[in-house]
Amino acid sequence: MNNISCCLRLDTNPVNVIYNGTNTQRIITLRHQCRKATAPITCSPVTVEQHTTDTPSRIGELSQVSGVLGCQWGDEGKGKLVDILAKHFDIVALCQGGANAGHTIYNSEGKKFALHLVPSGILNNETTCVVGNGVVVHLPGFFKEIDGLESNGVSCDGRILVSDRAHLLFDFHQEVDGLREAELAKSLIGTTKRGIGPCYSSKVNRNGIRVSDLRHMDTFPQKLDLLLSDAASRFKDFKYTPEMLREEVERYKRFAVRLEPFICDTICFMNESILQNKKILVEGGQATMLDIDFGTYPFVTSSSPSAGGICTGLGIAPRALGDIIGVVKAYTTRVGSGPFPTELLDKTGDLLRFSGQEFGTTTGRPRRCGWLDIVALKYVCQINGFSSLNLTKLDVLSDLDEIQLGVAYKHSNGTPINSFPADLHLLEQSKVEYETMPGWKSDISSVRNYSDLPKGAREYVERIEELVGVPIHYIGVGPGRDALIYK
């Protein structure tokens, strides 16, 4: 761009959509207006390039800016897909959430990594990782994660950018999270106690502290004092002393020095990258059923882990977005409190939990397990407009004689419920109508071609596609990087 300062302006024409057989490729026309130019310059349409000759066609067809989002209550296996896709993208970006989101991924040698604040693209050496403005950042955890990656041979130097607009999550936010849960007693939300809700509360209350504030340590103590004093006035068991403030300020002076090389105006970076035709993959934390607006409120997270959160959490325009992949387990799990219509409280639920190793990456808590909820999945697909789905952990169902799909909700009197209800009382009282399908009773963990799956497994996949109206392009049959079928 010849070092000319540019700003992004979207074409006023609608997004062009070109249909090519059964595949849809979205081509988004962008304009940039250079300050030394006399008229807008129209860029060439964004084309999807294959970075390597052996790129699977499904990956090569993905748009310039693509996203991976969870379809259920989190823990669907988003990190694995992001890790696989990352080597075909220049940038992997987090747009919301914080250390409450745990992504477990494996490197090429099979070594396990549990990531929380560092994007899952970090295992691919050529990928730049962005922590967007919508993320809340706990610096002690962030640096601990980086130290762990570095000690295992994963270079982070110059590869992670943290938004100067991201809010800082302090240790006291975590303490307040626990105090809040204790207050709720039997009505507790079941949070991870990682301080996410209290930090977002500080943000919305407009007294939060942002990454950019670390560059102004002359005013930092006053801002932190306001936050700590507010917590002390709200919770009688929160003990705040002047010594606590002094110690925290000194600690954050050290953090400020270490974080400085990571700090970036990520909104400018992301939009300039779009203009430069860089390929960008957005990694969502949690999932839409935990969305603050669309989830089973109040048993939700405090951010927007749905398609809208990509734009607000990264500062990119809606029309820049292309393909969004929804990640959904072949069954359903959730952690914490809240309604769960298809939950299994029997031996089948226990089998799913232990076969699927359903214990939280962040907390280690056992996850509640149940059948795949098609009603909830259709609702989530409607909200996000997924171009395709990644069905994960299909192999976990291999030992079952029969598999059920929750295909409809009904009132207690048998009349149908026509949409996913906001009323939790209604949701808890609803009856689920199931379809029963035969199992396949064979190990599929080594299968890599869709046609080689047992008939029962293929029928299960295709029935889900039929019910939700979204194609399944990726099927997980194990935890490893290679345990993925492209359909």
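The questions below concern disulfides and salt bridges in this predicted model.

Q: How many disulfides does the count come to?
A: A disulfide requires two cysteine sulfur atoms within 2.5 Å. The sulfur of Cys 95 is too far from its closest cysteine sulfur, in Cys 311, for a bond, the separation being 9.1 Å. Cys 381 is likewise in no disulfide, since the nearest cysteine sulfur, that of Cys 71, is 5.5 Å away. By this rule the number of disulfides is 0.

Q: Is Cys 381 buried or exposed?
A: The term buried applies to a relative accessible area under 20%, whereas exposed applies over 50%. Cys 381 has a relative accessibility of 8%, and therefore this cysteine counts as buried.

Q: Which residue forms a salt bridge with Asp 83, and what parts does the pair tie together?
A: Asp 83 lies in helix 2 (residues 78–86), while its partner lies in the loop between strand 24 (472–476) and strand 25 (484–486), so the pair ties together parts that are 398 residues apart in sequence. The closest N and O atoms of the pair are 2.7 Å apart, and the partner is Arg 481.

Q: How many residues apart in sequence are the parts that Glu 260 and Arg 215 tie together?
A: The side chains of Glu 260 and Arg 215 meet in a salt bridge, with 2.9 Å from N to O. Glu 260 lies in the loop between helix 7 (242–259) and strand 14 (263–264), and Arg 215 in the loop between helix 5 (196–204) and helix 6 (220–234). Glu 260 is partly exposed at 34%, and Arg 215 also counts as partly exposed, at 42%. The parts tied together by this pair are apart in sequence by 45 residues.

Q: How many salt bridges does a search of the whole structure find?
A: Side chains of opposite charge can pair when their charged atoms come close. Asp 75, Lys 329, Glu 358, Arg 367 and Lys 393 are linked in a network of such salt bridges. Across the whole structure, the number of salt bridges found is 26.

Key:
Residues are numbered from 1 along each chain as its sequence is written. This is a predicted model: local features need pLDDT of at least 70, side-chain atom pairs count only at pLDDT 80 or more; totals for chains, interfaces and linings use all residues. Side-chain values use heavy atoms; hydrogens and water are left out. Buried means under 20% relative accessible area, exposed over 50%, partly exposed in between (1.4 Å probe, protein chains only). A salt bridge is a side-chain nitrogen of Lys or Arg within 4 Å of a carboxyl oxygen of Asp or Glu. Helices (H or I, at least four residues) and strands (E, at least two) are DSSP runs, numbered from the N terminus.
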